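Here is a short report on one protein chain. Keep the model open while you read.

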Amino acid sequence: MNPVPSPPPLDVEACALAPVAAKAAPSAIVIFGATGDLTHRKIVPALYQLAKQGRLPEETAVFGYARRPKSDLEFRAGLRAALEQVAHVRPVHAEAWEKLAARIWYVQGDLDDPAGYARLRERLASVPGAALLEDRALYYLATAPSFFGVVADHLATAGLAPGNQGGASRRLIVEKPFGEDLASAQELNRALHRAFPEETLFRIDHYLGKETVQNLLYFRFGNSIYEPLWNRRYVDHVQITVAERLGVETRGDYYDATGAARDMLQNHMFQLLSLVAMEPPASLDAHAIHDEKVKVLRSIPTPSSEEILAASVRAQYGAGTIGGRAILPYRREPRVQPSSRTETFVAWKLEVDNWRWSGVPFYLRTGKALARQVTEINIVFRPPPSVLFAAVCGAKLGRNGLRIRIQPNEGIHLQFNAKTPGLPAIQRADLHFRYGEEFARYLPEAYERLLLDALAGDSTLFTRRDEVEEAWRLVDALRAAWKNESRADLPLYEPGSMGPEESDALLARDGREWQPVHYD
Ligand SMILES: NC(=O)c1ccc[n+]([C@@H]2O[C@H](COP(=O)([O-])OP(=O)(O)OC[C@H]3O[C@@H](n4cnc5c(N)ncnc54)[C@H](OP(=O)(O)O)[C@@H]3O)[C@@H](O)[C@H]2O)c1
């Protein structure tokens, strides 16, 4: 049998900002909702990858908590079977899995039953090496948000929350969605804070765990050539696209109650916007970074309903095909209301009203059943002065642009103009940087990085309370404006397109257009 591989070595030229081997201390990881999809598809595969790479402390003990009766062996077998289905994990390394599996246990209980927490407490104290794990726990709430406060309170009653003993080494990870509007997010925060102080709360936005999203900070502040241009003097506008190729699939009921603005804009897209627009932080400390990110959101004044209706587009997908596959119109998807007014596409023009960005529009768009599965940020620079080339070529002279591809095929592309060989003509050219080509190394999955950071108590890549609430302020205003709008039906767009005509018109009114989505 192959030996368990060790963590990837650091490239000789790389400068380490933090210890490369896991900083995480041994801990008990308790997953609430352990028989669910997220546990099987994301959380346990991430733990397995970390264990395989030697990045998870060996004493780590994993406890699954859910209602279904299961033995430890049955639970482990189910996790192993699911692991085999995860593309980036296959084939499962038997020795690495067995080593981790031997430290996985199952506790049966209802999330609202104190007896379950008593069993959990007993189990935590009785597994081999329990003494080492005392006071050190990472609770992962892979459950509906309605249980967040319930679990936090029961953990406190059972003496398993911070404050009883151990302080900040008892931490809680919560999944999205974090509320459905500002009021419910504030209520959730209050409920969680009853037992878990802010520094022990880790709100996941898995986008922040992606290497290319983290690279936004490294790219902007680890170089001196871009930052002088990163402002209203040189940047004409910014585009952020998060496009999904799939429709709502089997999640019609969740999606119909949520919509694109709450599902994607409030969290992932505002996080990307914050990272693109933030000022340099005073340090790489989590607080310093959160402070700068939240300032960006605070610099976006709440627009009036009239302003929002003029600057936003919402739409639903109609009938069509994507890649030869028939797509039902959104309203006829399973578990979607036939009269639904839930948006599957949103585009919104926003302004960050601060010294750096005043007057620079940020165009955001996201939707389902679109042409590509792609997340991309485009920084579009102002045209050169209109002498020489610009005077002759007008709009045919391409804009300088920086295209930051978050996923897939992660990379950065610089667009500039160059002489057409052999002709007195000028045309657009590209400089490409692709992660996969430049660094032939494994790009860790977002959940791997996030779990490791939560175990180490580093909240940099999680969202802070005020960030969440500021983002809700804006999305609430958007949805309130839409709600009061008199139109009967939403515009439709063709599946496999990049959204409705109205989205193109939003930019065309400003003399701009969405950057083409490349197939690289
Ligand atoms: N799946 C994803 O990719 C994903 C991505 C982002 C966010 N999320 C969020 O993460 C959460 C979990 O998602 P999921 O897809 O894993 O959901 P899921 O497949 O429906 O799993 C829900 C889990 O909660 C447990 N549960 C439900 N009610 C319970 C109760 N009263 N007591 C004890 N356990 C209970 C269920 O187990 P029993 O039935 O055995 O009790 C199951 O293990 C949701 O809030 C979802 O929005 C999921």
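## Contacts and numbering

Two residues are in contact if their C-beta atoms, placed from the backbone, lie within 7 Å. In this chain, take the contacts with a separation of 6 or more: 77% of them join residues 24 or more positions apart.

This is a predicted model: local features need pLDDT of at least 70, side-chain atom pairs count only at pLDDT 80 or more, and totals for chains, interfaces and linings use all residues. Residues are numbered from 1 along each chain as its sequence is written.

## The whole chain

The chain holds 17 helices and 17 strands. Both are DSSP runs, numbered from the N terminus: helices are H or I with at least four residues, strands are E with at least two. The radius of gyration (taken over C-alpha atoms) is 24 Å. The globule rule (2.2 Å times the number of residues to the power 0.38) gives 24 Å for 520 residues, so the chain is as compact as a globular protein of that length.

The C-alpha trace spans about 80 × 60 × 45 Å along its principal axes. Of the 520 residues, 40% are buried. Buried means 20 or more other C-beta atoms within 10 Å of a residue's own; exposed means 12 or fewer; partly exposed is in between; C-beta atoms are placed from the backbone.

## Around the ligand

How many residues surround the ligand? There are 19, and the closest are Gly33, Gly36, Asp37, Leu38 and Arg67. Helix H1 (residues 37–52) gives the largest share of this shell, four residues.

The shell has seven nonpolar, four polar and eight charged residues. Nonpolar covers Ala, Val, Leu, Ile, Met, Phe, Trp, Tyr, Cys and Pro; charged covers Asp, Glu, Lys and Arg; the others, Gly among them, are polar.

## A look at Arg80

Arg80 sits in helix H2 (residues 72–83). Is Arg80 buried or partly exposed? Arg80 is partly exposed, because 18 other C-beta atoms lie within 10 Å.

Leaving out residues up to four places away in sequence, Arg80 touches Val92, Trp97 and Ala101. Trp97 is 17 residues from Arg80 along the chain, and their C-alpha atoms are 7.9 Å apart.

## Two crossing helices

The axes of helix H10 (residues 259–277) and helix H11 (residues 286–298) come within 9 Å and cross at roughly 105°. H10 and H11 are therefore roughly perpendicular to each other. Axes are lines fitted to C-alpha atoms, for helices over the stretch in contact, and angles run from 0 to 180 degrees between N-to-C directions. Roughly perpendicular means 65 to 115 degrees.

H10 brings Phe270, Leu273, Ser274, Leu275 and Ala277 to the contact, while H11 brings Lys293, Val296 and Leu297. These residues divide into six nonpolar, one polar and one charged.

Methods. Near = placed C-beta within 6 Å. Parallel < 35°, antiparallel > 145°, perpendicular 65-115°, else oblique.
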